[in-house]
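Here are my notes on this model, point by point. Please read them with the structure open.

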Amino acid sequence: MEVYLIRHGIAAERGTYADDEQRPLTKKGIARTTKVADSLLDRGLKLDLILTSPLVRAAQTAEILQQVGIAQKVETVIFLKPDGAISEWLTWLEQYQPQHPEAKIALVGHQPDLGNWAEILLWGTIQGQIIVKKAGVIGLKIPPIGTAIARSTLFLHTSPKWLIETVNR
């Protein structure tokens, strides 16, 4: 199974909304995220499912990915909110993966959580080394459930700048 960890695009500054969960993508964030989504699609990425944080900026990012045609199905899940528990996603994965072992899914969320989750999936522990830039992408090959989850394989870690600048080359 392939899992893509995608950070939300550029959002309004912290403190500009009374409720931080309502901060939307900026015009620049929408444009840049759309370019990233187009680049991923141009590279042949098609997802079976996108799971997204319920926060507005993440949901908008997932919607952009859906609108460009990367995936048809988007589901909102609580465990992708900031400080969400990877254990809740792993419980979800235990149900999903056996029925969809070759699936490609995306998790749209927040930093530092996505970087931390990548480290747990790769090394079994958080080391504070992986950073996902806004609209950045990490691709992981997840082993079958029942094997050590920390045996995941990193196959992609890219910034939005690289995706945008290298499209159609």
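1. β5 and β6 run antiparallel and are joined by five bridges. Lys-141 stands opposite Thr-153 in β6. Strands (E, at least two residues) and helices (H or I, at least four) are DSSP runs, numbered from the N terminus. Two strands pair if DSSP finds at least two bridges between them.

2. A word on the basis. This is a predicted model: local features need pLDDT of at least 70, side-chain atom pairs count only at pLDDT 80 or more, and totals for chains, interfaces and linings use all residues. Residues are numbered from 1 along each chain as its sequence is written, and side-chain values use heavy atoms, with hydrogens and water left out.

3. The sheet is open and has six strands, in the order β3-β2-β4-β1-β5-β6, with mixed pairing. β3 (74–76) and β6 (153–158) are the edge strands; each has a single partner, so one side of each lacks a neighbour in the sheet.

4. The largest nonpolar core holds 27 residues. Such a core is a set of buried Ala, Val, Leu, Ile, Met, Phe, Trp, Tyr and Cys residues joined through side-chain atoms within 4.5 Å. Buried means under 20% relative accessible area, exposed over 50%, partly exposed in between (1.4 Å probe, protein chains only). Leu-51, Trp-89, Trp-92, Ile-105 and Leu-107 have the most contacts inside this core. Helix α4 gives the largest share, six residues.

5. Another core, of 21 residues, lies apart from that one; Tyr-4, Leu-47, Ile-64 and Val-108 are among its members.

6. Three aromatic pairs are counted. Rings of Phe, Tyr and Trp (its six-membered ring) pair if their centres lie within 6.5 Å; planes under 30 degrees apart count as stacked, over 60 as edge-to-face, the rest as tilted. Tyr-4 and Phe-155 have ring centres 5.6 Å apart and planes at 85 degrees, so this pair is edge-to-face. Tyr-4 is in β1 and Phe-155 in β6, so the pair ties together parts 151 residues apart in sequence. Tyr-4 is buried at 7% relative accessible area; Phe-155 is partly exposed at 38%.

7. Trp-92 and Tyr-96 are stacked, with 4.6 Å centre to centre and 15 degrees between the planes. Both lie in helix α3, four residues apart. Trp-92 counts as buried at 18%, and Tyr-96 counts as buried at 13%.

8. Ile-164 lies in helix α5 (residues 160–165). Its relative accessible area is 21%, partly exposed. Beyond residues up to four places away in sequence, Ile-164 touches Arg-32, Lys-35 and Val-36; contact means heavy atoms within 4.5 Å.
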